[in-house]
Amino acid sequence: MSTIAPLTVELADRAYPIHFSDSLNALKHDVAALRAAGRSIRVFSDAKVLAAQPDVLAQAGFEDTEILSLPSGEKTKSVEFFSQALSFLAGQSANRDCALFAFGGGVIGDLSGYVAASYLRGIDFYQIPTTLLSMVDSSVGGKTGINLPEGKNLVGAFWQPKAVYIETRLLETLPSREFAAGMAEVIKYGMLYDLDFFKELEQVNTLTASSPELAAIVRRCCAIKAEIVADDEKETAASGGRALLNLGHTFAHAIENVAGYGQYLHGEAVGIGLNLATQLSIELGQIDASDITRAKNLIERCGLPTVLKTPLPISGLMAAMQRDKKNRGGKLRFVSMQALGQAVTTDGVDAALVEALWKTVGAA
Ligand SMILES: NC(=O)c1ccc[n+]([C@@H]2O[C@H](COP(=O)([O-])OP(=O)(O)OC[C@H]3O[C@@H](n4cnc5c(N)ncnc54)[C@H](O)[C@@H]3O)[C@@H](O)[C@H]2O)c1
């Protein structure tokens, strides 16, 4: 397999590398260097990941007593496990020189990152993502956090990692439904930023964990995210910027919220959301009507839904969209496409139009 060069996320004094080839050796090297410098090391993971990939941490030089195994699943991104994780560090008298690694998907990455941002007002943080979603999305960009009973990701901090180690071979044990969910974010990058990338995805037959082209595809996604994040790290741009990464997500969050978390994997809701965002762009006169077929074909070919599994109430979906924390000045804010591969933020979309769009995916 050809070597894939590391990528640097350009954030001035906080720039950091993302490794793609031979990453577990890079990890082993960095762990040894931290130890040689007298630093202490801890790693948070989840029980399923540790069972599926039992050798990775030992081979990289971590010791059993340094590992905190948390339950798998979204519930771990909570105040309860945040507190447990902090106590693990404090109980072992970890101090400022401690380097915290996250070995897992977006749940472990988000929780560990927030612990790293908070413990002793901030310790060094490293990511070893193990899901497709965390490789292409959550491990890049520095958003960390946990959920509250009142809503997802309501508490958190921007805390950039020191390095990210991506080894796509780890995806061989990932359930196929989770792999497909990660593909929604991959497709999203093509639609929002890079028409050539979208075309390449159209040409690939079926992408799996062992596809030779996967690592290059993951790198392309990270490069797009890194470029957008470098220009608008804290999502403060008045228009465009980091918000563009939410293409399809205003719809997706409403679906997850109304269906109840767990009914749809996030990426499955994003599949439907990307279909709706494409339709919205057509209705706004921004893209060609034929693009809907291209978008739907690609989403469905990756094993993702483009319509709801069972009808959801339009009133509930609209109310959930009103509560979206990305709205500005009480107005619905969407990300649409000016052209396939070129997203824009669009404010003040007519509610009647959005209701009509919901009907096309089976809402009632
Ligand atoms: N910080 C960000 O910018 C950002 C971006 C997108 C999503 N997120 C967050 O990411 C989270 C979702 O992350 P996710 O989709 O990675 O889910 P996840 O972390 O829950 O992992 C999905 C499932 O796969 C299992 N798993 C992980 N890696 C495995 C492997 N290699 N082999 C076998 N099983 C494995 C996990 O135990 C879990 O059951 C959400 O909380 C979401 O809010 C954050």
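I start with helix α10 (residues 249-259) and helix α11 (residues 266-283). Their axes come within 7 Å and cross at roughly 135°. α10 and α11 are therefore oblique to each other. I note that the model is a predicted one.

Next I check the hand. α10 passes α11 in a right-handed crossing.

Which residues of α10 and α11 meet? From α10 I list His249, Phe251, Ala252, Ile255 and Glu256. Across from them, α11 brings His266, Ala269, Val270, Ile272, Gly273, Leu276 and Ala277. I sort the residues of this contact into 8 nonpolar, 3 polar and 1 charged.

I move to a second pair. Helix α13 (residues 314-322) packs with helix α14 (residues 351-360) at an angle of about 125°, and their axes are 10 Å apart. That angle makes α13 oblique to α14. The crossing of α13 past α14 is right-handed.

I look up the contact here too. Ile314, Leu317 and Met318 are the α13 residues, and they meet Ala351, Val354, Glu355 and Trp358 of α14. This contact divides into 6 nonpolar residues, no polar ones and 1 charged.

Last, the ligand. How many residues surround the ligand? I find 31, and the closest are Lys48, Ser72, Gly105, Gly106 and Ser138. The elements giving two or more residues to this shell are α2 (47-52), α5 (106-118), α6 (132-138) and β8 (151-158). By type, I record 8 nonpolar, 14 polar and 9 charged residues in the shell.

Definitions and conventions
Residues are numbered from 1 along each chain as its sequence is written. This is a predicted model: local features need pLDDT of at least 70, side-chain atom pairs count only at pLDDT 80 or more; totals for chains, interfaces and linings use all residues. Axes are lines fitted to C-alpha atoms, for helices over the stretch in contact, and angles run from 0 to 180 degrees between N-to-C directions. Helices (H or I, at least four residues) and strands (E, at least two) are DSSP runs, numbered from the N terminus. Angles under 35 degrees count as roughly parallel, over 145 as roughly antiparallel, 65 to 115 as roughly perpendicular and the rest as oblique. A crossing is left-handed if the near helix is turned anticlockwise from the far one by less than a right angle, and right-handed if clockwise. Two residues are in contact if their C-beta atoms, placed from the backbone, lie within 7 Å. Ala, Val, Leu, Ile, Met, Phe, Trp, Tyr, Cys and Pro count as nonpolar, Asp, Glu, Lys and Arg as charged, and the others, Gly among them, as polar. A residue is near a molecule or strand if its C-beta atom, placed from the backbone, lies within 6 Å of it.
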